[in-house]
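Here is a quick tour for anyone opening this structure for the first time. Have a look at the sequence and the model, then read on.

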Amino acid sequence: MKPNLPFQIRKRQIYSLVIFGLLIIIGQFSFSIYKRNQRDDIPAIQFLSSSQPEVILTEFDPNHLDADQWKKLGFSEKQVKSILKYKDIVGGSFQSKAQFKKCYAVSPEKYQQLEPYILLPENNSKQNYQTNYRIYEKKKLAIRGKFNPDHYSQKDWQNLGFSEKQAAAILKYKSYLGGSFISKEKLKECFIIDDEQFSQMSGYLILPDKTPANIAQKSPTKQEKATFRISNYFDPNALNEEQWQALGFTEKQANVIVNYRDKNLRGSFKSLEDIQKCFVISEEKFAEIKPWIKLSLPEKPKDEKNTIAEKTDFSKIDINQITFKQLREFGFTEKDAAGILAFRKKLGGFIHKNQLLETYEIDRAMGEKLIYSAQIDNSNVKKYSLSDAPEEWLKTHPYFKYSADKIIYYRITNPDDKKIIKFLKLKPEYEEKMRLYLR
């Protein structure tokens, strides 16, 4: 009997499918085991801030950098101004890394980043640094013979070998000491003069080697003042600077006392506590002069018009209405008071109180004090749209005058404020100021 061929063929096909299915299952299982044993190394991801571009460092001399180059090192505009100002204070150039590190605008982290690239010696010592940079090439001082540094002018110090700014700083240091360097020991402490320069001068200086025991005795005239004994009563409201010096105070201290009385206290000490609060009068000195103080207060004038200054309540004063006399009464100098009124007039009035601080070279501390005390009413300040603002107003207003010609040109064909501002392409801070005076 012949086998059934179709059945055998079907049977083989079934076996083949089963085997193929098993192979697929085995393959998937093997692949999953293989994948499980694989370890993908995930790369570390570092996010870069678009606001802080990468700083590429190379060797540099901080004395040769301008403002833009400091910014490229990663400093803000405000920090750059502080660094350049600090450089001027130390005589116009950094003498060492240690001196540069003291600049408060340079954080410890930033200094650590820059330190390997700074082409300056570690400190102002006599080490011999191998470098081609001129900062290490110390000029030999042109000393012609023995001299008394107390008699040297700025030009004399420059002829000796110091720069103009260094010479000015040396004289400022002498003034700080009371007008005399006193001794070689004190002159050596001047941060402008390094060890090498001092060693060159030392043998030629007509000064004692050591500072006298009584450091206050800086000159023959000062010595007399320091040993002065008070024997008469005195009125602190009637003394000028020379008379305060006659009581044993230095010229600088006397100047501070008079300014404190005339500006901060508006012309007179009202009590012994007022005198004691003056920071240049020590507790010992106050105890010495207290028994001799005969305090008298100026009488109030009977005329009410003359008593306005004493009765002014600045918490009720409007900054847009404050007068020159009231500004002087508050404590501003004549220059500051005139400057505030001139700036307010140019603006057409302040919109907010902080604008007062934009006055050129104003006493900022005094300005902030007035802002805190006074009020402001800006309801009468004129505002315009760019399309109809008078040309004269645009050309004289501090916030518009630099863009006045462009505004006048653009508004001929585009009398729409939004479009004009868009065409001007102003910096955000300038646009914000303009909008204060726009309807």
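This is a predicted model: local features need pLDDT of at least 70, side-chain atom pairs count only at pLDDT 80 or more; totals for chains, interfaces and linings use all residues.

E431 forms a salt bridge with R435, and the closest N and O atoms are 2.9 Å apart. Both residues sit in helix α22, 4 residues apart, which is about one turn of the helix. E431 is partly exposed as well, because its relative accessible area is 22%.

Why can such pairs form at all? Side chains of opposite charge can pair when their charged atoms come close.

The whole structure has 13 salt bridges. Here are three of them:

| Pair | Closest N and O atoms |
|---|---|
| E431 and R435 | 2.9 Å |
| K285 and E288 | 3.4 Å |

K285 and E288 share helix α14 (residues 283-289), where they are 3 residues apart, about one turn of the helix. Buried or exposed: which is K285? At 15% relative accessibility, K285 counts as buried, while E288, at 37%, is partly exposed.

E358 lies in the loop between α17 and α18, and K433 in helix α22 (residues 428-435), so the pair ties together parts that are 75 residues apart in sequence. E358 is partly exposed at 32% relative accessibility, and K433 is partly exposed at 30%. Elsewhere, K97, E115 and E122 are linked in a network of salt bridges.

Now for the inside. The largest nonpolar core has 39 residues, and those with the most contacts inside it are F332, L356, L370, L394, F400, I407 and Y437. Several helices, including α16 (324-330), α18 (364-373) and α20 (404-413), each supply at least two residues of this core. Which helix gives the largest share? That is α17, with 4 residues.

Take L356 as an example: leaving aside neighbours within four places in sequence, L356 is in contact with I319, I340, F350, I362, G367 and L370. There is also a second, separate core of 19 residues, with F147, A169, I170 and I192 among them.

What about the cysteines? A search of the whole structure finds 0 disulfides. C103 is buried at 2% relative accessibility, and C190 is buried at 1%.

Terms used
Residues are numbered from 1 along each chain as its sequence is written. Side-chain values use heavy atoms; hydrogens and water are left out. A nonpolar core is a set of buried Ala, Val, Leu, Ile, Met, Phe, Trp, Tyr and Cys residues joined through side-chain atoms within 4.5 Å. Buried means under 20% relative accessible area, exposed over 50%, partly exposed in between (1.4 Å probe, protein chains only). Contact means heavy atoms within 4.5 Å. A disulfide is a pair of cysteine sulfur atoms within 2.5 Å. A salt bridge is a side-chain nitrogen of Lys or Arg within 4 Å of a carboxyl oxygen of Asp or Glu.
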